[in-house]
Amino acid sequence: MDMLKLLYLCIMVLYVHADAEKQSKQNRGRGSIWWGIAKAGEPNNISPVTPTHIYMDPAIHATLRRKQRRLARENPGVLAAIAKGANMAISECQHQFRNRRWNCTTRNFLQRGKNLFGKIVDRGCRETAFIYAMTSAAVTHSIARACSEGSIESCTCDWSHQNEPPQASKSESVSDVRQWEWGGCSDNIVFGYKLAREFVDTGERGRSLREKMNLHNNEAGRVHVQAEMREECKCHGMSGSCSVKTCWMRLPNFRVIGDSLKDRFDAATKIQANNNVRNNNNENQIMRNNRRGNKNANSNSARETNSVHGRGHNQRKQNRYRFSLKPFNADHKPPTTKDLVYFEQSPGFCEKNLRLGILGTHGRQCNDTSIGVDGCDILCCGRGYRTQEVTVIERCACTFHWCCEVKCKKCITKKTIHTCL
Amino acid sequence: MSNKDLLYYEDYDIDNYDDSFEYSYDDHELTSSYDLSDTFNCGKTVLKQISQQIFYLILINFIYRLIRQTALLPEFLKHLSSSLLGFLSTFIFFTNGNYYVILLAFISYGFLKLLQFYNVRRKGILSIAFQIITIFSCEIIERDTTIWQNLRGSALIISMKTISLAFDIGSNKLNKLPAIYVYAGYMLCPANVVLGPFVSYTSYCQTSPKTFKLVSLKVFFQAFLNSLMSIVFIFLSTCFLNYLLSDDVSFFVTYRDALIFRCSHYFVSFMSVACLIISGIDYRSSSEVFGYQVTRPLDIELPRSLVPVVISWNIPIHLWIKSYIFENLKRYGKFKAIILTYLISSSLHGLNVQLAAVLLSIGIFSYVEFRLRNLLAEILDACIAANKCLIDSKGCCITKGHEFTTKLHWVKLINFIFGVFTIVLLAYLGVLLDTSIDGNNEFSLHTNLKKWYDLNFFGHIIVLIWYIMYLISKN
């Protein structure tokens with residue numbers, strides 16, 4: 001009987017072990033299933049989705065993990081903000097990459113949200129890093145804004161008016177401290193940051209480098225949002241004095257965040273991917289600190305290439321964010337929180353590649369005079385391009401009529417467009 | 001799975017989770033593209049911030065009204081409560097730095113006392129000089145520019161009160177300096193120590209007539225109306241104008257920024273009237289609806305010329321300048337007197353290059369316009385002067401006896417064109433006084449006259465052309 005039990009246990013352990021290995025291979029993008037929320041209201045549902053219906057929608061619930069569902073349940077209104085954020089991320093990504101070979105195409109796969117951006121997210125490349133940072137930033141932005149708009153019940157405006165960023169070093173914040181007697185309703189970045197972190201990062205729990213990369217990039221997105229938080233003030237008083245001052249912290253337009261993330265994309269840091277020199281100290285620490293992760297630690301340690309270390313037992317809950325990533329090129333500086341990181345080379349985006357879900361640049365419009373990335377030479381990958389003349393009807397010669405009306409004529413112009421072969 | 005989830009579902013202490021984070025502000029321009037939901041959001045925000053402050057101010061003034069109008073209380077207590085409540089209101093608005101208000105008031109009293117003791121003749125002029133020196137030195141001594149920024153309005157009101165007292169004593173309107181508690185009550189009167197307006201010593205001391213009611217519906221209505229107007233204007237100023245006039249056309253941006261500044265001024269003015277009405281100090285009403293008028297927005301937004309703008313901008317200050325400064329400088333010649341008046345008034349505002357530039361410019365602009373239009377009115381014999389003709393029932397001009405009155409279309413047209421020019425000039429002048437503060441809490445206009453430079457000084461060029469026109473038509 002005991003033997004039988006032991007055998008059973010052995011089988012179980014083996015099974016779990018094998019399962020973990022399989023999972024870690026397959027579920028690289030398991031933290032990103034929630035992306036599907038962006039498209040949940042779209043063509044499949046003919047009726048327009050109102051914010052009140054959005055929680056009920058089973059299609060949406062299918063894209064969420066259990067913890068995410070609970071967060072949504074506990075913070076009514078947050079799902080609408082997240083859905084808005086996800087859509088904001090898509091449109092911003094497509095705006096930022098409109099002239100690139102990879103133009104952030106999305107597809108509508110409801111059940112598998114991670115396929116929203118195609119299978120490119122299976123690779124740990126720059127584009128993936130950007131997508132993760134962008135979605136995480138958009139969710140943070142949209143939650144923080146929703147708080148001050150009052151559309152999330154569990155949070156309100158940020159009345160504390162503490163404009164010091166949470167991570168500012170202490171010495172810096174002392175000199176910067178300002179007394180705001182009358183703190184106003186500010187975008188609630190603290191809540192947005194926390195909730196976005198819990199919601200977005202919930203799937204990235206493994207020890208694999210890919211998960212660390214996702215965590216880092218998600219965090220980078222949020223930090224960018226936080227850093228762009230600005231205080232706006234206005235003075236009122238006799239002859240331009242400042243007897244009454246109205247101030248509020250405001251998040252900038254999401255475009256500003258998109259722009260700075262795009263800059264980080266161009267300067268993203270490649271981190272060590274297949275480094276065989278294992279840092280024993282750190283590995284031990286992982287195992288010690290993450291008792292929960294023991295099962296996976298062995299199987300992952302072989303793949304583990306970057307050092308991941310924690311602080312100690314008492315701060316276990318913060319361990320997830322306590323790792324340092326080494327740059328691929330040892331001469332480079334290690335990536336800062338704001339930097340995007342990747343470890344795999346981006347695939348070529350020129351040709352159609354169904355395995356990676358790349359559509360290729362066939363049929364894309366290009367600019368024949370530009371020598372940049374949107375120029376025909378680069379965008380069409382040297383395949384050449386077709387030039388067509390099309391007639392376009394546009395609004396033109398717009399004049400402003402007092403008050404508040406703009407009248408335009410319709411102009412028919414001939415335009416030459418170039419499309420990649 | 002759910003266990004693991006639970007373990008992670010704890011508040012991360014993000015305030016100190018990582019101090020090694022490199023955290024830097026990138027220099028990004030504030031994007032000014034607002035959408036409508038932002039605008040309403042902003043409105044809510046502003047209301048929340050303003051309401052508390054304003055509520056306290058109105059409450060303080062109401063308490064003051066009750067104390068002031070209670071006949072049983074001795075005068076001494078009334079003045080004392082005035083100064084104490086005034087001090088409380090400065091504390092509510094300025095928090096730190098409000099001691100400067102007290103300091104200014106008592107230094108000024110000491111100086112007046114000295115003047116009286118030695119019986120110096122030109123008390124008024126000397127006290128102007130003293131006030132300017134005090135304000136300048138306070139501004140230099142106080143390193144924290146924001147503190148002085150906050151106090152500037154209060155300092156101006158206190159100097160105006162002191163100067164008016166000095167002139168009144170000099171011209172024997174008052175036989176002697178009031179006792180210190182009366183003086184302190186007048187200086188720190190809660191109705192106008194923070195937001196203005198200037199109130200003369202006589203109206204401060206006036207006891208209320210028998211008909212005066214402690215709490216009347218009319219007072220309530222007028223105070224409510226003024227507060228409402230002021231809230232509408234602060235909404236316009238901080239939120240809605242950014243939305244209504246987007247930054248597509250460059251002149252619109254100039255106009256909008258100037259309008260934002262003007263609306264902010266209307267907010268302060270209407271709020272100050274509300275406080276004044278509630279405190280019951282100046283119960284003579286100059287307007288049926290509003291009770292008392294500090295500013296007349298319609299005269300400024302749809303102006304006939306710059307002269308009514310200058311008058312209507314802040315009526316009590318205008319009257320003060322006219323009766324105390326301009327009248328005493330008249331003997332130096334009109335143009336010199338105007339320039340000196342504007343110099344003095346800009347000095348009393350403190351060391352502020354923008355304000356001085358705007359005030360001097362508006363002085364010159366209005367003077368040139370006044371002369372040009374009066375000359376044109378004489379030549380064409382029409383009602384196109386800077387000031388309106390008074391027209392009697394027959395449609396004749398009483399004041400100047402012009403033949404062509406505003407019934408004629410060409411007269412209307414000329415006045416309209418000058419009106420448009422005035423609007424343009426006001427936009428040009430006002431754009432320099434933008435009071436937005438950037439993240440560093442400094443005035444965003446460190447390069448003082450940059451905005452005018454960007455506009456190629458077109459306002460000054462218009463006025464120069466006017467002046468040339470004036471010289472040509474004079475001969």
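## A buried glycine in chain B

A residue counts as buried when its relative accessible area is under 20%. In this predicted model, B:Gly419 has a relative accessible area of 5%, and therefore it is buried. B:Gly419 belongs to helix α16 of chain B.

Which residues does B:Gly419 touch, when those up to four places away in sequence are not counted? The contacts of B:Gly419 are with B:Pro303 and B:Arg304.

## Overview of the two chains

Chain A has 421 residues, of which 54% are buried. Its secondary structure comprises 12 helices and seven strands. Among the contacts in chain A with a separation of 6 or more, 70% are between residues 24 or more positions apart. The accessible surface of chain A is about 19900 Å², and carbon and sulfur atoms account for 53% of that surface.

Chain B has 475 residues, and 53% of them count as buried. Its secondary structure comprises 18 helices and one strand. For contacts in chain B with a separation of 6 or more, the share formed by residues 24 or more positions apart is 69%. Chain B has an accessible surface of about 22500 Å², with 66% belonging to carbon and sulfur atoms.

## The second largest pocket

Rolling a probe the size of a water molecule over the atoms shows where empty space is left. The second largest pocket holds about 1200 Å³ of space. Its lining consists of 43 residues, and those closest to its centre are B:Val307, B:Val310, B:Ile311, B:His318 and B:Tyr342. By class, the lining of this pocket has 27 nonpolar, 11 polar and five charged residues.

Several helices of chain B each supply at least two residues of this lining, among them α6 (145-170), α10 (250-279), α12 (306-313), α14 (334-348) and α15 (353-380). Helix α16 (409-430) of chain B is also one of these contributors, and B:Gly419 is found in that helix. Which helix gives the most to the lining of the second largest pocket? That helix is α13(B), with nine residues.

Helix α7 of chain A runs over residues 189-200. At 1.5 Å a residue, its 12 residues should span 16 Å, and its end C-alpha atoms are 15 Å apart, which agrees.

Is α7(A) mostly covered or mostly uncovered? This helix is mostly covered, since 10 of its 12 residues are buried.

## Positive phi angles in two loops

Where in chain B does B:Asn119 lie? B:Asn119 is in the loop between α4 (99-118) and α5 (123-141). Its phi is positive, about 55°, although this residue is not a glycine. B:Asn119 counts as exposed because its relative accessibility is 57%, and the cut-off for that class is over 50%.

B:Phe457 lies in the loop between α17 (450-454) and α18 (458-474) of chain B. Its phi is near 55°, a positive value in a residue other than glycine. The relative accessibility of B:Phe457 is 30%, so this residue counts as partly exposed.

Key. Residues numbered from 1 in each chain as written. Chains lettered and ligands numbered in written order. Predicted model: local features only at pLDDT ≥ 70, side-chain atom pairs only at ≥ 80, totals over all residues. Heavy atoms only, no water. Helix = DSSP H or I, 4+ residues; strand = E, 2+ residues; numbered from the N terminus. Buried < 20%, exposed > 50% of the residue type's maximum accessible area, 1.4 Å probe, protein only. Contact = heavy atoms within 4.5 Å. Areas by Shrake-Rupley, 256 points an atom, 1.4 Å probe, with all protein chains shown as cover. 1 Å grid on protein atoms, 1.4 Å probe; cavity = no way out; pocket = protein on both sides within 12 Å on 5 of 7 lines; lining within 4 Å. Points joined across faces, edges and corners; volume = space filled by probe spheres on them. Nonpolar A, V, L, I, M, F, W, Y, C, P; charged D, E, K, R; others polar. Expected span 1.5 Å × (residues − 1).
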